[in-house]
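I opened my notebook to get to know a new structure. Come along and look things up with me.

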Amino acid sequence: MTTTARRTTTGAGARTAGTAGTGPAAGSRNRAVAPAPRWAELAAKATVWTTVPSGLWRIVLGLGIPVGFSGGTAAAFDRHNPGWGTVYVLVLSGLAEFLAFLTLGLVRPWGEVVPRRIPLLGGRKVRPLAAIVPAALGSAVLTWLGATALFGGWAANMSSPDAPHGFAGVVMTLCYLPLVAWGPLVAAVTFSYARRTLGRR
């Protein structure tokens, strides 16, 4: 009789332990992250394109093609482009595009789980704050830089006698203007990612 009671108690305990991780609390811990809303996907894609025009403009400059500078500034560019200046603008443009591309991780699965092809980290879950904090800081810096340029900084630079004027100045301004939207777009996508991954709906 005692043995039977012991077995019955053990079995009940095992069933209790087996179902302990399936309650509401466990479900909230293991819930799947909701897909990114359509607007966030569009904003992330737009972010990638904000850096393209200025990158192409810099590459043209780095290849030694005149873009409208004159005087001492033009002479300085002529001494280094093509040359080490070409390498500099290629690296700078590539870095800007890479950072903008990372925004896609906030709306794609690889922003939640590291792809398995990545050595050492592949298959691991991405801690939300590990993505949210740098993205938020980056968006704040980019927004500040964009606002500074938009409200006087760019005009002051373009007022220099050596700066491109006329049609060349318009082209340069239009190429750099999309960068103003870079910071706010990253902020919007980061906000969406935080809501999804931190469960704040």
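These entries go from the whole protein down to single residues.

**Entry 1: the whole protein**

I noted before anything else that this is a predicted model. Which secondary structure does the protein have? I counted 9 helices and 0 strands. Read from the N terminus, the order of elements is α-α-α-α-α-α-α-α-α.

I then looked up burial, and found that 27% of the 201 residues are buried. The protein exposes about 12700 Å², and carbon and sulfur atoms supply 71% of that area. I also checked contacts between residues at least 6 apart in sequence: 72% of them join residues at least 24 apart.

**Entry 2: α4 and α6**

Next I picked a pair of helices. Two packed helices are described by the angle between their axes and the distance between the axes. For α4 (residues 52-62) and α6 (residues 84-101), I found axes that come within 8 Å and cross at roughly 170 degrees. An angle over 145 degrees counts as roughly antiparallel, so α4 is roughly antiparallel to α6.

Which residues of α4 meet α6? I listed Val52, Gly55, Arg58, Ile59 and Gly62 on the α4 side. Their partners in α6 are Thr86, Val89, Leu90, Leu92, Ser93, Ala96 and Glu97. Sorted by class, this contact has 6 nonpolar, 4 polar and 2 charged residues.

**Entry 3: threonine 86**

I stayed with one of the α6 residues in that contact, Thr86. Is threonine 86 buried or exposed? Its relative accessible area is 13%, and buried means under 20%, so I wrote down threonine 86 as buried. Leaving aside residues up to four places away in sequence, I found threonine 86 touching Gly62, Leu63, His80 and Asn81. Gly62 is also on the list of α4 residues that meet α6.

**Entry 4: helix α7**

Where is the kink in α7 centred? I found it at leucine 150, with a bend of about 65 degrees, in a helix covering residues 128-158. The buried residues of α7 are Ala131, Ile132, Ala135, Ser139, Gly146 and Met158. I looked up what these buried residues pack against, and the answer is α8 (166-176) and α9 (182-198).

**Entry 5: arginine 108**

Last, I went to the loop between α6 and α7, where arginine 108 lies. Arginine 108 is partly exposed, with a relative accessible area of 31%.

Definitions and conventions: Residues numbered from 1 in each chain as written. Predicted model: local features only at pLDDT ≥ 70, side-chain atom pairs only at ≥ 80, totals over all residues. Heavy atoms only, no water. Axes fitted to C-alpha atoms, helices over the stretch in contact; angles between N-to-C directions. Helix = DSSP H or I, 4+ residues; strand = E, 2+ residues; numbered from the N terminus. Parallel < 35°, antiparallel > 145°, perpendicular 65-115°, else oblique. Contact = heavy atoms within 4.5 Å. Nonpolar A, V, L, I, M, F, W, Y, C, P; charged D, E, K, R; others polar. Buried < 20%, exposed > 50% of the residue type's maximum accessible area, 1.4 Å probe, protein only. Areas by Shrake-Rupley, 256 points an atom, 1.4 Å probe, with all protein chains shown as cover. Bend = angle between axes of the 7 residues up to and from the residue.
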